[in-house]
Amino acid sequence: MWQTITSSLPELIAAGVKFTIPLALISFAFGLILAVITAVIKLTNPSGNLFIKSIWKVIQAIAYFYVWIFRSTPLLVQLFIIFFGLPSVGLEIPAFTAAVITFSLNTGAYASENIRAALLSIPRDQWEAAYTLGFNNRQTLFKIIFPQAIRIALPPLSNEFIGLIKDTSLASSITILEMFTVSQQIAAKNYQPLLMYGIVAVLYAILCSLLSLLQRYLEKRANRYIKRGDN
Amino acid sequence: MIEFEHVSKFYKERKALDDVSVEFPKSQTSVIVGPSGSGKSTLLRSIDLLVRPDQGKLKIDDLAVDFSKEISRKETFNIRRKSGMVFQNWNLFPHLTVLENITAAPINVLKEDKAKAIKRAYELLDLVDLRYTADQYPGQLSGGQQQRISICRALAMNPEYLLLDEPTSALDPELETQVLRILENIAKIEKDKGMVIVTHNMQFARLVADKIIFLEDGKILFDGPTEEFFNGDNQRIREFLSALSI
């Protein structure tokens, strides 16, 4: 058993370093950008003439549709549509890129709701205090509101990221040689599926536990200005 | 001088301000008093455009806006640059230290040199005896200290008018005295600035006010010198003051 473990571990870890971790990191980074944009679009009510307001309504409708469609359909189906479905309309996307696109869009949809909720939880008073000091909307959002909202959004966003790490295993279904795919291949050769899937489960658990530790550290940093007992 | 001309503000059916015309002179302390829900805070917040009245005009020195028309971002910014607001619940930025709270606007809005902004922040902290709190976060301070910091934050922008919305109502009597002393001090030091204060504290009003505006149901019932307010024979004001045991 030990020999199987020691011989398969380097291959599994290499797959993790080469595909699982980059896939999760890149997708989460793009997802987060999408999430912030979507949340801000949903929360902004522009002043200005009727034309600008109408255009904005259309953009908001697109944002709502995007979040709805990606939260209402399974991630595996989304992955299949982008990798196997789009080539039928002439859009062929490499497997890794298709996975990044799918995971980013999916993460963006879920995380946008976390960010929206966090932004809404910041009291109106904070916006007003910034406005009276002469801050414009952008400065208020990025210098005053976001830094406070991050503290609130951090736990659900960490959850999203940990979920994403595990979801990357779905990429095995579109030929990406990530950790789970490699464990399947090794199990097919050595006929020890229980051991191989057990090892890969432990590797995912270690990765997620490390992220939980990172989350705890980040939360501690983000909460440094909060007095004990405050929310 | 801040001037409101025929200003009205509706909240659905209710008139928060009803054809109000009033002046708040520069270099004077004007105090707005009146029962709860009389429109005091609405009037004060209209100066800083945190509330947009539906009708009327606002003039601040050389600037003017008509509330019945669209107010541009630039106009809003210019109007807001004229005054500094101190809120009832302080509204300090909890994620920034005291020093960062005071320097954030001068650095980001006025694009002031950081060293200059910090120097001015320390001068203001000395004014309120809170230099030692510079590196602390607002959550580590008492209510009275936070209120004094919020006064510093408003003064850091060097406004021509200081607006205070019930600055002591969230404080216990001891802290209230501290803040009131600071405000008296500021009124003396910053003589060229106009101060507009909404308060329920009549002793404080009597002490600092050059003029008093009494509002009820969104209408001005009195606008005149402090002594006339306290010693006059207006029946409604007498009732109001006796209810507060003055």
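Predicted model: local features only at pLDDT ≥ 70, side-chain atom pairs only at ≥ 80, totals over all residues.
Reader: Which residue with a positive phi follows H1(B)?

Author: The phi of this residue is near 60°. The residue that follows H1(B) is B:Leu49.

Reader: Which residues have the most contacts inside the largest nonpolar core?

Author: In soluble globular proteins, nonpolar side chains tend to be buried together. The largest nonpolar core here has 89 residues, and its largest share, eleven residues, comes from helix H6 (residues 137-167) of chain A. Those with the most contacts inside this core are B:Phe4, B:Phe24, B:Leu43, B:Ile47 and B:Leu58.

Reader: Are the residues of strand S8 (residues 194-198) of chain B buried or exposed?

Author: B:Gly194, B:Val196 and B:Val198 point one way from S8(B), while B:Met195 and B:Ile197 point the other way. Five of the five residues in S8(B) fall in one class, and that class is buried.

Reader: Which residue of S8(B) is the bridge partner of B:Ser30, and which stands opposite B:Leu163?

Author: Strand S3 (residues 29-33) of chain B pairs with S8(B) in the parallel sense over four bridges. Strand S7 (residues 161-165) of chain B also runs parallel to S8(B), joined by five bridges. The partner of B:Ser30 is B:Val196, and the residue opposite B:Leu163 is B:Val196.

Reader: What unit do S7(B), helix H6 (residues 173-189) of chain B and S8(B) make?

Author: The two strands run parallel. With H6(B), they make a right-handed β-α-β unit.

Reader: Which side chains meet in a salt bridge between chain A and chain B?

Author: In the contact between the chains, 21 residues of chain A meet 26 residues of chain B. The area buried between them is about 2000 Å², of which carbon and sulfur atoms give 58%. The count of salt bridges between the chains is one. At 2.6 Å, N to O, the side chains that meet are B:Arg45 and A:Glu128.

Technical notes:
Residues numbered from 1 in each chain as written. Chains lettered and ligands numbered in written order. Heavy atoms only, no water. Buried < 20%, exposed > 50% of the residue type's maximum accessible area, 1.4 Å probe, protein only. Pairing = 2+ DSSP bridges. Right-handed = clockwise from strand over helix to strand, strands pointing away. Core = buried A, V, L, I, M, F, W, Y, C linked by side-chain atoms within 4.5 Å. Contact = heavy atoms within 4.5 Å. Buried area = accessible area lost by both parts, 1.4 Å probe. Salt bridge = Lys/Arg side-chain N within 4 Å of Asp/Glu carboxyl O.
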